[in-house]
Amino acid sequence: MAEYTLKFINHRARYETADFIHECEQHYHAQVLAVAEEIARNSTHKPIVLINGPSSSGKTTTNDRIARALEAHGIHAEMISMDDYYRTVGTYEIPPDPENGVPDLESPECMNLPLLSQHLAQLAEGQEISLPRFDFETRSSIPDARTLRLAPDEVVLIEGIHSFNPVIMGDLAHAATGVYLSVASAVVPEEGARLEPYMLRFLRRAMRDSLFRNSPFEDTLHQWNSVRRGERLYIAPYRHHAEFTIDTYLPYESNILYPALRETLTEHLDALEKADLREAYRAATLFEPIDYLPYIPEASVLHEFIG
């Protein structure tokens, strides 16, 4: 795990803004290119790419960036959304999260993983499949929404927290490449405890949910403990299936997210403490604001969270 001191981050943000952002982005980009090169090298016998990672690790953007990098190797990437394998609401009972008193929306029982496993196995064998589509307005699964067959110079990328689940990986280990994404960095202030990766991811999620998912900070915070429980139960036990790991943290992002969320964090101290996010609150005023707009690239993973 990488560690950055708060003093280092603030110094670079204040005095070397353009270089700081460029170096952070280049580090992320280099990881993506290295993984894409390995996927391309093994594409003939491993045409399935399973991308996994906890909430707000940048799965959607990195999935797209890997696909773009594969094009440079002459490999076209088809995309499958794991969201399309959600089961129709009302046809099953959403399991509870007894620890937090909320529905367990992270549970694999909410998804038709056997069908997904079957489809990926068929694709690996060169067969055509009929993909479902999940309608989020009606909360229902629509079968046979489109068909897909992989050509010899194609791979399929699918991202989601259950992509390493044994129901899928058990039959596909020989034909799949596992890529694990996470914020694998921490920030160390001059005083107090360090900011752990899950705290940095929470800031991403809080910003994204408020901007793009019509979910106020209170709702994100209320669900956070259940999200973390899902990560412990459904991701961590299978992380060893990953052949490659990408750290998606951009150190300069904290100079954007903290100033933007500063007032909101200070208004929810009690709830933050219950969610084991007290240190995130304590750091609310410590990060220097940064003028990032002239320097942040269009392909930055941070756009997934700030637009």
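Q: What stands opposite Ile51 in E8?
A: Glu159 of E8 does. Strand E2 (residues 48-52) and strand E8 (residues 154-159) run parallel and share four bridges, and two strands count as paired if DSSP finds at least two bridges between them. Strands (E, at least two residues) and helices (H or I, at least four) are DSSP runs, numbered from the N terminus. This is a predicted model, where local features need pLDDT of at least 70 and side-chain atom pairs pLDDT 80 or more, while totals for chains, interfaces and linings use all residues. Residues are numbered from 1 along each chain as its sequence is written, and side-chain values use heavy atoms, leaving out hydrogens and water.

Q: What makes E3 and E11 the edge strands?
A: Strand E3 (76-81) and strand E11 (244-247) each pair on one side only. They sit at the ends of the order E3-E8-E2-E9-E11, an open sheet of five strands with parallel pairing. On average, neighbouring strands of this sheet are turned by 25° against each other, direction ignored.

Q: Which helices lie across E2?
A: H2 lies across E2, strand E9 (176-182) and E11, at about 160° to E11. H3 lies across E2, E3, E8, E9 and E11, at about 170° to E8.

Q: Why are H2 and H3 called oblique to each other?
A: The axes of helix H2 (residues 17-41) and helix H3 (residues 59-71) cross at roughly 60° and come within 9 Å. Axes are lines fitted to C-alpha atoms, for helices over the stretch in contact, and angles run from 0 to 180 degrees between N-to-C directions. Under 35 degrees counts as roughly parallel, over 145 as roughly antiparallel, 65 to 115 as roughly perpendicular and the rest as oblique. H2 and H3 are therefore oblique.

Q: Which residues of H2 and H3 make the contact?
A: With contact meaning heavy atoms within 4.5 Å, H2 brings Tyr28, Val32, Leu33, Val35, Ala36, Ile39 and Ala40, and H3 brings Thr61, Thr62, Arg65, Ile66, Ala69 and Leu70. By class that gives 10 nonpolar, two polar and one charged residues. Here Ala, Val, Leu, Ile, Met, Phe, Trp, Tyr, Cys and Pro count as nonpolar, Asp, Glu, Lys and Arg as charged, and the others, Gly among them, as polar.

Q: Why do H6 and H7 get the oblique label too?
A: Helix H6 (residues 197-212) and helix H7 (residues 217-234) have axes that come within 10 Å and cross at roughly 135°. H6 and H7 are therefore oblique to each other. Their contact, with Phe202 of H6 and Trp224 of H7 among its residues, divides into seven nonpolar, one polar and five charged.

Q: What makes the pair of Tyr86 and Phe136 edge-to-face?
A: Rings of Phe, Tyr and Trp (its six-membered ring) pair if their centres lie within 6.5 Å; planes under 30 degrees apart are stacked, over 60 edge-to-face and the rest tilted. The centres of Tyr86 and Phe136 are 6.2 Å apart and their planes are at 80°, so the pair is edge-to-face. A search of the whole structure finds nine aromatic pairs.

Q: Where does Phe136 sit?
A: Phe136 is in the loop between strand E6 (129-135) and strand E7 (140-148), 50 residues from Tyr86. E6 and E7 run antiparallel, joined by six bridges, and Asp135 stands opposite Ser140 in E7. Their hairpin has four residues between the strands, and Arg139 takes a positive phi near 55° there.
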